[in-house]
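Here is a friendly briefing to read with the model open beside you.

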Amino acid sequence: MKETKQDILNRLFVENNLTEEDVFSHQHYKIITRAGVNKIEANNNISIKYEVIRCEPNFAVVKAKAKMGDKEIETFGSALKGSTFKDGNTNSWYLIEMAEKRSLSRACLKLAGFYALNCFAEDESENFKRNNN
């Protein structure tokens, strides 16, 4: 019997020791917290090397070269601090750190199979933050 997307997602959650604290729903996606991404990275022995592509006062891009077993990928994370939130993608002035977190999150979730199941990381977008209201 073929696994459904939900079956695969449930299996990945169990295999990576993710708890309810590590995941939440947001519109059409499952969002994985920073702690959840760290669990996935450690559980899958993902190694990552970073390259700063661009680092300016209001903009940063970091490339992550990541490896998990025999799988390797390259992906990017960026951060743009605009004069208002509408013309940027972060509220933080820690741009290079934000770009690094975004590239790490994308790399881990892609390698571990979560991206294919519409799971994204909380760090990837200010819009992905947990609503605690």
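This is a predicted model: local features need pLDDT of at least 70, side-chain atom pairs count only at pLDDT 80 or more; totals for chains, interfaces and linings use all residues.

Residues are numbered from 1 along each chain as its sequence is written, and side-chain values use heavy atoms, with hydrogens and water left out. Helices (H or I, at least four residues) and strands (E, at least two) are DSSP runs, numbered from the N terminus.

**Helix H1**

- Helix H1 spans residues 5–15, and its buried residues are Leu9, Leu12 and Phe13 (buried means under 20% relative accessible area, exposed over 50%, partly exposed in between, with a 1.4 Å probe and protein chains only).
- These residues lie on the same side of H1, because they cover an arc of only 100° around the axis (the arc is that of the directions from the helix axis to the C-beta atoms).
- An α-helix has 3.6 residues a turn, so residues three or four places apart point the same way.
- Strand S1 (23–26), S2 and S6 are what the buried residues of H1 pack against (contact means heavy atoms within 4.5 Å).

**Helix H2**

- In helix H2 (residues 34–43), the buried residues are Gly36, Val37 and Ile40.
- Their arc around the axis is only 100°, which puts them on the same side of H2.
- Their cover includes strand S2 (29–32), helix H3 (95–111) and strand S6 (119–121).
- Just after H2 comes asparagine 45, with a positive phi of about 50°.

**Where H2 meets H3**

- The axes of H2 and H3 come within 10 Å and cross at roughly 55° (axes are lines fitted to C-alpha atoms, for helices over the stretch in contact, and angles run from 0 to 180 degrees between N-to-C directions).
- H2 and H3 are therefore oblique to each other (under 35 degrees counts as roughly parallel, over 145 as roughly antiparallel, 65 to 115 as roughly perpendicular and the rest as oblique).
- On the H2 side, Arg34, Val37, Ile40 and Glu41 make the contact, and on the H3 side Lys101, Leu104, Ser105, Cys108 and Leu109 do.

**Serine 47**

- Serine 47 sits in strand S3 (residues 47–55).
- Its relative accessibility is 41%, so serine 47 counts as partly exposed.
- Leaving aside residues up to four places away in sequence, serine 47 touches Lys65, Ala66 and Lys67.
- The C-alpha atoms of serine 47 and phenylalanine 13 are separated by 20 Å, with the two residues 34 apart along the chain.
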